[in-house]
Amino acid sequence: MNVDLYERFWMWSSGGIIAVFIASIIYTSAAQSLQPPSHVETIDPQTARTSPGFAQPSVTLNADGSATVHIMAQMFAFLPTEIRVPRGQPITFRMTSPDVIHGFQIVKTNGNAMVVPGYVTQFTTRFDTPGEYLIVCNEYCGLGHHIMFSTLIVEDDVEMAGDVGAGAGQ
Ligand code: CUA
């Protein structure tokens with residue numbers, strides 16, 4: 001079968017683009033741990049604000065040095081507005097929304113998830129570089145979408161993380 005030169009060119013470049021996409025999925029999931037959160041846990045959005053963990057969303061330090069962070073993503077703020085976590089430890093984020101779909105993206109890290117009313121989004125990650133990270137909502141959620149952000153502070157001093165986490169509920 002005779003295939004015209006340009007036709008062959010476009011066939012091979014389309015195939016090449018697909019190969020690049022598949023390779024980038026494999027690379028980001030294997031080397032950069034970018035995976036969709038697979039946790040499936042339901043919660044009643046009507047009572048989410050008073051549910052265990054979400055009534056006073058904050059950082060909980062666990063005995064093994066890891067931390068669990070509860071976050072309420074709502075119009076138009078993340079509670080707590082500032083999160084302090086220990087460096088180099090597994091940090092499990094648990095979050096939900098009482099109103100509409102929000103996004104939760106920790107800029108310049110692999111922390112990025114959708115927060116859907118009725119579900120608890122959960123993922124675990126680790127931060128090896130201390131510093132201040134911006135958390136933004138990356139799903140359009142209404143007129144105040146652009147002011148919906150908070151701050152993640154990664155630090156070596158685990159003690160401090162406990163102090164601030166306990167008081168940063170609102
Ligand atoms: Cu919340 Cu955009």
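Two strands are said to pair here if DSSP finds at least two bridges between them. Across this pairing, T68 stands opposite T92 in β5.

A word on the model before going further: it is predicted, so local features need pLDDT of at least 70 and side-chain atom pairs count only at pLDDT 80 or more, while totals for chains, interfaces and linings use all residues. Residues are numbered from 1 along each chain as its sequence is written, and side-chain values use heavy atoms, with hydrogens and water left out.

### The whole chain

Two helices and ten strands make up the chain, in the order α-β-β-β-β-β-β-β-β-β-β-α along the sequence. Helices (H or I, at least four residues) and strands (E, at least two) are DSSP runs, numbered from the N terminus.

The C-alpha trace spans about 70 × 35 × 30 Å along its principal axes. The radius of gyration is 20 Å, whereas a compact globule of 170 residues would come near 15 Å; the value is taken over C-alpha atoms, and the globule rule is 2.2 Å times the number of residues to the power 0.38.

Of the 170 residues, 38% count as buried. Buried means under 20% relative accessible area, exposed means over 50%, and partly exposed lies in between (1.4 Å probe, protein chains only). Among contacts between residues at least 6 apart in sequence, 64% join residues at least 24 apart, where contact means heavy atoms within 4.5 Å.

### Around β5

Let us return to β5, which covers residues 91-96 and is mostly covered, with six of its six residues buried. In a regular strand the side chains alternate between the two faces of the sheet. In β5 both faces are covered: I91, F93 and M95 are buried on one side, and T92, R94 and T96 are buried on the other.

### Around β9 and β10

Another set of pairings involves β9. Strand β6 (residues 102-106) pairs with β9 (residues 131-136) in the antiparallel sense over two bridges, and the bridge partner of Q105 in β9 is V136. Strand β10 (residues 149-155) is also antiparallel to β9, with six bridges joining them; there L134 has T151 as its bridge partner in β10.

The pairings described so far can be set side by side:

| Strands | Sense | Bridges |
|---|---|---|
| β6 and β9 | antiparallel | two bridges |
| β9 and β10 | antiparallel | six bridges |

### Two residues to look at

Leaving aside neighbours within four places in sequence, T151 is in contact with T81, E82, I83, E132, Y133 and I135.

P36 sits in the loop between α1 (5-31) and β1 (59-61). With a relative accessible area of 71%, P36 counts as exposed. The C-alpha atoms of P36 and G111 are separated by 10.0 Å, although these residues are 75 residues apart along the chain.
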